[in-house]
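Student: I have a structure to go through. Can we take it piece by piece?
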Amino acid sequence: MTEQDNPDLIEEARKVFAGPITFLKSAPDLKFLPDMSVNEVAFAGRSNVGKSSLLNALTGRNGLARTSNTPGRTQELNFFDVGDPLRFRLVDMPGYGYAKAPKDMVRKWRFLVNDYLRGRAQLKRTLVLIDSRHGIKDVDKDIFDMLDAAAVSYRVVLTKADKVKASHLAEVIQATGDAIRKRPAAHPDIIPTSSEKGMGIPELRAAVLESVIQG
């Protein structure tokens, strides 16, 4: 059953995301990670994939993701508390694949992300964002490899789906499904979204909630 076939889950997720959501902290190193008291869902994606916009649309708060995007925080893991009392956390992972990034910054990113993925028992799913206009790139395959190796469940979310024709979107969904089908940690269902138009946002909220409930 997909999220759109479960109206009860969609409605529960709507209520959860309409409640309190606050920026908790940024962690430049594993020693700064918050306690593992609740389950977590992480968001990963290439630079300029629209991750901040999607997080803002998901939470219904225009400035939430920007809270953690000030200069100097771009290579940190950013944590957001959902619910009061706290139900789960969203984790905004630093963008990858920025062509002009210094090599030492890329190396730091890999160490931070890889250590987090391998050592975070409360991480129940990572949502990997792919731009609908471009499809999967080699740098996306690298993050798939990292997630497979860490045995962390992940699911592909297509962003900017309103920027392409329906026929192209269908082709990208098909190609993406084919690419992840044999990957051991990949969820088979893909969620096309548009932060601007609100497309797929209710389903994405439901997918987040389902992953932390199952965990």
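Student: How many bridges join β2 to strand β4?

Tutor: This is a predicted model, so read each value as computed from it. Strand β2 covers residues 40–45, and β4 covers residues 88–92. The two run parallel. The number of bridges joining β2 to β4 is four.

Student: Which residue in β5 does A42 stand opposite?

Tutor: Strand β5 spans residues 123–131 and runs parallel to β2. Six bridges join this pair. In β5, the residue opposite A42 is T126.

Student: How many of the six residues of β2 are buried?

Tutor: E40, A42 and A44 point one way, and all are buried. V41, F43 and G45 point the other way, and these are buried too. Strand β2 is mostly covered, and its count of buried residues is six of six.

Student: Is L127 buried or exposed?

Tutor: L127 sits in strand β5. Its contacts, leaving out residues up to four places away in sequence, include V41, A42, F43 and A44. R155, V157, L204 and V208 also touch L127. The cut-off for buried is under 20% relative accessible area. L127 has 2% relative accessibility, so L127 is buried.

Student: What separates the C-alpha atoms of L127 and L204?

Tutor: L204 is among the residues that L127 touches. Along the chain, the two are 77 residues apart. Their C-alpha atoms are separated by 9.6 Å.

Student: Which residue forms a salt bridge with R46?

Tutor: Side chains of opposite charge can pair when their charged atoms come close. For R46, the closest N and O atoms of the pair are 3.6 Å apart. The partner of R46 is D140. This pair links distant parts of the chain, with R46 in the loop between β2 and α2 and its partner, 94 residues away, in helix α4: D140.

Student: How far apart are the closest N and O atoms of R133 and D131?

Tutor: R133 is partly exposed, with a relative accessible area of 38%. D131 is at 2% relative accessibility and counts as buried. The two form a salt bridge, and the closest N and O atoms are 2.8 Å apart.

Student: Is D138 buried or exposed?

Tutor: D138 forms a salt bridge with K141, the closest N and O atoms being 3.8 Å apart. Both lie in helix α4, three residues apart, about one turn of the helix. K141 is partly exposed at 39% relative accessible area. D138 has 58% relative accessibility, which means D138 is exposed.

Student: At what angle do the axes of helix α3 and α4 cross?

Tutor: Two packed helices are described by the angle between their axes and the distance between the axes. Here α3 covers residues 103–119, and the axes come within 9 Å. The crossing is right-handed. The angle is roughly 35°.

Student: How many charged residues does the contact of α3 with α4 have?

Tutor: From α3, the contact residues include W109, R110 and V113. From α4, they include D142, I143 and M146. By class, the contact has eight nonpolar residues and one polar residue, and the charged ones number three.

Note on methods:
Residues numbered from 1 in each chain as written. Predicted model: local features only at pLDDT ≥ 70, side-chain atom pairs only at ≥ 80, totals over all residues. Heavy atoms only, no water. Buried < 20%, exposed > 50% of the residue type's maximum accessible area, 1.4 Å probe, protein only. Pairing = 2+ DSSP bridges. Salt bridge = Lys/Arg side-chain N within 4 Å of Asp/Glu carboxyl O. Axes fitted to C-alpha atoms, helices over the stretch in contact; angles between N-to-C directions. Left-handed = near helix turned anticlockwise from the far one by under 90°. Contact = heavy atoms within 4.5 Å. Nonpolar A, V, L, I, M, F, W, Y, C, P; charged D, E, K, R; others polar.
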